[in-house]
Number of protein chains: 2
Amino acid sequence: MTKQQQTAITPTREENYPEWYQQVIKASEMAELSPVRGCMVIKPWGYGLWENIQSTLDFMFKETGVKNAYFPLFIPVSFLEKEAEHVEGFAKECAVVTHHKLEKGEDGKLVPAGRLNEPLIVRPTSETIIGDAFSRWIRSYRDLPMLINQWANVVRWEMRTRIFLRTSEFLWQEGHTVHATRKEAEERTYQMLEVYRRMAEDYLAVPVYTGAKTDAEKFPGAVITTCIEAMMQDRKALQAGTSHFLGQNFAKASDIRFQSADEKEEFGWTTSWGASTRLIGGLIMTHGDDNGVVLPPRVAPAHVVLLPILKKPAENEAIMAYTRELAARLEKVSYHGNPLRVEIDDRTIGGARNWDWIKKGIPLRVEIGPKDMAAGAVFLARRDMDRKQSRSISRDRFTEEVVDILDDIQKNLFEKARAFRDANTMDIDDGEAFTAFFTPKNPEKPEIHGGFARSHWCGDGDCEEAIKNRLNVTIRCIPFDGNEEAGACIECGKPSGKRVLFAKAY
Amino acid sequence: MTKQQQTAITPTREENYPEWYQQVIKASEMAELSPVRGCMVIKPWGYGLWENIQSTLDFMFKETGVKNAYFPLFIPVSFLEKEAEHVEGFAKECAVVTHHKLEKGEDGKLVPAGRLNEPLIVRPTSETIIGDAFSRWIRSYRDLPMLINQWANVVRWEMRTRIFLRTSEFLWQEGHTVHATRKEAEERTYQMLEVYRRMAEDYLAVPVYTGAKTDAEKFPGAVITTCIEAMMQDRKALQAGTSHFLGQNFAKASDIRFQSADEKEEFGWTTSWGASTRLIGGLIMTHGDDNGVVLPPRVAPAHVVLLPILKKPAENEAIMAYTRELAARLEKVSYHGNPLRVEIDDRTIGGARNWDWIKKGIPLRVEIGPKDMAAGAVFLARRDMDRKQSRSISRDRFTEEVVDILDDIQKNLFEKARAFRDANTMDIDDGEAFTAFFTPKNPEKPEIHGGFARSHWCGDGDCEEAIKNRLNVTIRCIPFDGNEEAGACIECGKPSGKRVLFAKAY
């Protein structure tokens, strides 16, 4: 028997991927399920990550002229009814407020009182309430384009929840824009998708495919839905951001009209686009390993943890002074325009301390013991490398090189994820091979399958539905780039001009 | 007859202060009431101000070691029942969720369906849900202090609403901390009040009194409630931030225990502290004038608007180039560590354009016409000065001096507000004078009265209540600084060792 390699997370990804995901989040202290059914608590380490995602996206939005605003949490039921497809999409899963106070009942318990004339729902998305505001704010072509974003919590009542991926309440941003022409609205749709692609690839180090959804997978009420799709380590797809061209559908439903430069009354052309705390789930499932979360430096809540080794009271003060001085130096280093974020962990809890930070996924761990101090050095471990590759480095050199080291980690994580995705993405033209690709080899591990298939599709919704019903595989997107070639639909054999991306999905 | 001075806001503050407040917000496009009863829409100009308040407070919180987290929007009714005073405080005004979907009723209209076993309330504050998390997170003294803040929306169902001051939904932050000792928790309470004082005085340019609330005015369940109190231009008080020492009351209600260094099981000592979008209302009522909002530069969404005068097509391109070049130069100027925020407004709508920005309260307006351009100059107007004081200034000098000019505006606004407050704050020792001070001279303007009275109070709740019932005047705070002297209670004449601050309040 070979000696079993010890891992910090049980089970491993190989043993049970869905359970590994729950355990890795628990071990990292990023979030937890709350006593309120379906809702999560985002703990400081997870929220710090979200703050960095938020500030990065916010900066990119504002660069394109978008401004933030805030709209009510509650939406009257009558608003939801304005757009037929929209109500179909959301009525089945929304929190409904029916009363405005609590009173003591006969048994002394608090019961709802003060019934509302019209029930309110907690926003599942704000299309309708923002549409109502736009209909009042927009009068003339001079008011366009209207470029608004909102950072908010939304609620979609979920029966089966998974932290960050599907919870009843989640945090997101929703952008809503109105334009004078179809062309400008379409361009805005793609422009914002490109923001999401940059966020995913350049910051989260998550490679994504960009493309359009099929009619069956579109946002309720949209004309075009575009998306970014990433591959998780179980080879399933995760939709990580969407941008919708809504045509004039929502403008007509919400009565968003403007007077054009030649004094005609016209309906506006609108877009909406959103990304959520789901990005955190995608990040964890892309980079995490059997020892915990692995965080890309560009979004990590902290870049470096300093771990002073405090064993002999006589030395401790000098080691702490050395540690604090290093922290002060590091905090003066600029990492992509912001100061490096440094933590000092001086707990004396043995090896558990080091493992805590491995599980949290901090990019760099720096141990500082008496010998390191005497040599003017530190002992450096990278989260993206094996622990055996940890090394001693002089304090000065570390301070000089830390930005390069972090950039190298960022690059490595992206390239590793891309290599994994590309190795598990196949061009498949044969129906039987397609079925085999998506069929689990081991019935005990039904989630393990081939990955992404780039196959031809005739464009018929019936073929799409047949594949979905048979294999639980959906068209994730019709990719924008390349793949144009003549072929035959993987389902019916009819001619097709382009490959589309098939996968099982979260 | 003297010629009537034209103002942008009708009515003026003098004519009808409450109505002026509504009109000034409308004219500034900061916010509006939404079609959802009691909720507001915060428009980009108002939200930009909130973003600046938020990032300033967030930075100050983090400097003291606080980290952000996020807790569920919904709170089970059973949680609210844990702390008796707390439930009294909030049960009368909360949004109650009773169902989790909508279905088509007999008449085709959507009706609530899927009744919940236990109703949920939308958080009016998160003490109880955060207390539940802390009871799980905290085991040992090593986990302390626990320093958590949340930025969130909260709901308190209000029957009479006023934008920014009292709405059913509002945005706020709530800090919650747990400490091993009473002393540390008390110190944290005052430390966070000091953060609010700095925010109010150094950024919002709103002078405040700091002090403690009386038992009657405390937060439900708190041992000590401290607050900052500002005077509005109608001489009423506005509470602009509170910090509570909760003793062990909430720790006992939520079972927050820890093992101390000497291995005893003890209850934690907790604090909570909050500030909200109400700060924006206070800012408007402190600095606004009869032409609109006046914004302190440190928090203004934009500092300078450039207004190119585009009258002759032949010149327009050159003027726009000159304008854009100036904008680029200004955006390179660092104003207290951040780039100057510059707007260009090139609409050709005549004088309405200038008035739009006056009403919005932007600190500096810069007109650029052909003559200015020819002279390498601009025409500069300060929002805190009369329009007659506008002047021509060379473009280079403006770029060099803009930071000093903004700092001067910031200082002027604070000093003007402090002078107003001090002129309307009186030491009153005579009961009749006290009554006269708070009695409106003109029955048609019941809101006009003397201002703040610093008077002696014996400490008896009956005296406090009698004054409240008779004059609608409350003790805003027992000030921390000074005022210690022997005197007689303004109500009953019994001995008192300190003056307290009496006022009518929002």
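**Backbone stops in chains A and B**

Begin by selecting A:Pro11, which sits in the segment before helix H1 (17-28) of chain A; helices (H or I, at least four residues) and strands (E, at least two) are DSSP runs, numbered from the N terminus. The model is a predicted one, in which local features need pLDDT of at least 70 and side-chain atom pairs count only at pLDDT 80 or more, while totals for chains, interfaces and linings use all residues. Residues are numbered from 1 along each chain as its sequence is written, and chains are lettered from A and ligands numbered from 1 in the order in which they are written.

Most peptide bonds are trans.

Now select B:Glu29, in the loop between H1 and strand E1 (31-33) of chain B, and inspect its phi, which is positive, near 55°, in a residue other than glycine. Is B:Glu29 buried, exposed or partly exposed? B:Glu29 counts as partly exposed because it has 16 C-beta neighbours inside 10 Å; a residue is buried if 20 or more other C-beta atoms lie within 10 Å of its own, exposed if 12 or fewer, and partly exposed in between, with C-beta atoms placed from the backbone.

Finish at B:Asn472, in the loop between helix H14 (461-471) and strand E24 (474-479) of chain B, where phi is positive, near 60°. B:Asn472 has 12 C-beta neighbours inside 10 Å and therefore counts as exposed.
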